[in-house]
Amino acid sequence: MKYQPRALIAEITHRCPLHCVYCSNPTEMRRRSDELSTADWISIFQQAAEMGILQLHLTGGEPLARTDLTELVRAARAAQLYSNLITSGAGLDGGRLDELVAAGVDHIQLSFQDSQEGPANEFAGTRSHALKLRMAEIIRRRPVAFTVNMVVHRRNLDRLEEMIAFAEGTGARRLEIANVQYYGWALRNREGLLPTREQLEHSIQVVEAARERLKGKLRIEFVLPDYYAKYPKPCMNGWGHQQLLIDPSGRALPCHAAMVIPGLDFPNARERDLRWIWEESPTFNRFRDESWMPEPCRSCDRRARDFGGCRCQAFLLTGDAAATDPVCTLAPQHSIVEEILERVNGSARPDWVYRIDPA
Amino acid sequence: MSELERNRVPRLAPGCRLNPAGGAEDLLLIPEGALRLKGPARAIVELCDGQRTLAEIISELQRTYPTAQPARIETEAVALLARLRDRGVLEVA
């Protein structure tokens, strides 16, 4: 295989008791009645392992909303996949956690919306912070890798130092500080979420100092908001290069947000085998090599490093999925991003909109 | 990077494990992905079972690879394990 897939992102449900203002799920979510069965998922895991995929990310929505999660984890381990459970903690308790650990879950990533209960519950649109704290308490006592993920944005980035200290207290060994990415529901709330330039610069210093202080104790990953970057992010490490996402209804996508791109036919894992989807499907091949690239990407030295940026973002901001990602300072349409940043760094402070759960 | 003491007992951190032996490549699976293990690295990691001290691991390797220079085995094993510890993949009790 020219492109060796390494990770399968299994969005096993879109159901979730939280209503985060920056939810990355598509604005049109899959209903429960459309969800794949246990047997469908197990077949997908086996096919993935046969293709050389190593990592399985069990995500959602809230993956614990599926009552067959333990069975899915057991099947993933039997197929020799490494399983990461990406969760809000809602739906977990000691007994269920023991079952998951016994079934072979390797890594649990627990999200927090803030270090303080009031804002955390406000951002999540639910009272979930206290529960998450209790879940951290039980996860840290189990033989499983434990990462805390803290989502940061304009309304909490100034408290980053406090949030890092909070994460230290959870007993996690890894901390992901992730700036909101502007896809799905988060895009609707972008102006209320994007940090100011000043906030961002301060946060970079805070993280550098914390990394130094916590070396060997807590490993910190920091995801910056790409709107402020000079060059675009190497989205998914290239379209159809390493990662494959299956949505709750079985549709295969090269990334979380790809559904927004018009004119792509997303193959369904109920009807096609994974290898065909990966190797042959027009959608996975659409932006895979360099032939789709416009200038300045086509002759850019960085094209093999960042692949022209994110196709979904190019579409969302310019209306053309084959345009250079406009966050790139070399992009012909970079002014779109500059205008957004100008507004964000001005005085406006818009409100946000909460999403509701699918039926 | 501090030196590893020979009487300490290393073992893989929770959520870090070797892929099954005999595959196309030797990999150490970790939360962020996988580390490719080259040459004798897999054999070294396999000995980090939470029972053996570093000194015992080194002697064991020297017995397994009798034709290699003993001092070189020691340097390589210590360097690999220190790197894994600094990466948070190995715990040292």
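Modeller: A crossing is left-handed if the near helix is turned anticlockwise from the far one by less than a right angle, and right-handed if clockwise. By that rule, helix 2 of chain A crosses helix 3 of chain A in the right-handed sense. The model is predicted: local features need pLDDT of at least 70, side-chain atom pairs count only at pLDDT 80 or more, and totals for chains, interfaces and linings use all residues. Residues are numbered from 1 along each chain as its sequence is written, while chains are lettered from A and ligands numbered from 1 in the order in which they are written.

Biologist: What angle do helix 2 and helix 3 of chain A make?

Modeller: About 15°, between helix 2 (residues 69-78) and helix 3 (residues 94-103) of chain A, with axes 8 Å apart. Angles under 35 degrees count as roughly parallel, so helix 2 of chain A is roughly parallel to helix 3 of chain A.

Biologist: Which residues make the contact?

Modeller: Contact needs C-beta atoms, placed from the backbone, within 7 Å. Helix 2 of chain A brings A:Leu69, A:Thr70, A:Val73, A:Arg74 and A:Arg77. Helix 3 of chain A brings A:Glu99, A:Leu100 and A:Ala103. They divide into 4 nonpolar, 1 polar and 3 charged.

Biologist: What makes a strand of chain A an edge strand?

Modeller: It pairs on one side only, as strand 7 (219-223) and strand 9 (252-253) of chain A do. Pairing takes at least two DSSP bridges. The open sheet runs 7-6-5-4-3-2-1-8-9 in chain A, with mixed pairing.

Biologist: How many bridges join strand 6 and strand 7 of chain A?

Modeller: Strand 6 (residues 174-179) and strand 7 of chain A share 5, in the parallel sense. There A:Ile177 stands opposite A:Phe222.

Conventions. Axes fitted to C-alpha atoms, helices over the stretch in contact; angles between N-to-C directions. Helix = DSSP H or I, 4+ residues; strand = E, 2+ residues; numbered from the N terminus. Parallel < 35°, antiparallel > 145°, perpendicular 65-115°, else oblique. Contact = placed C-beta atoms within 7 Å. Nonpolar A, V, L, I, M, F, W, Y, C, P; charged D, E, K, R; others polar.
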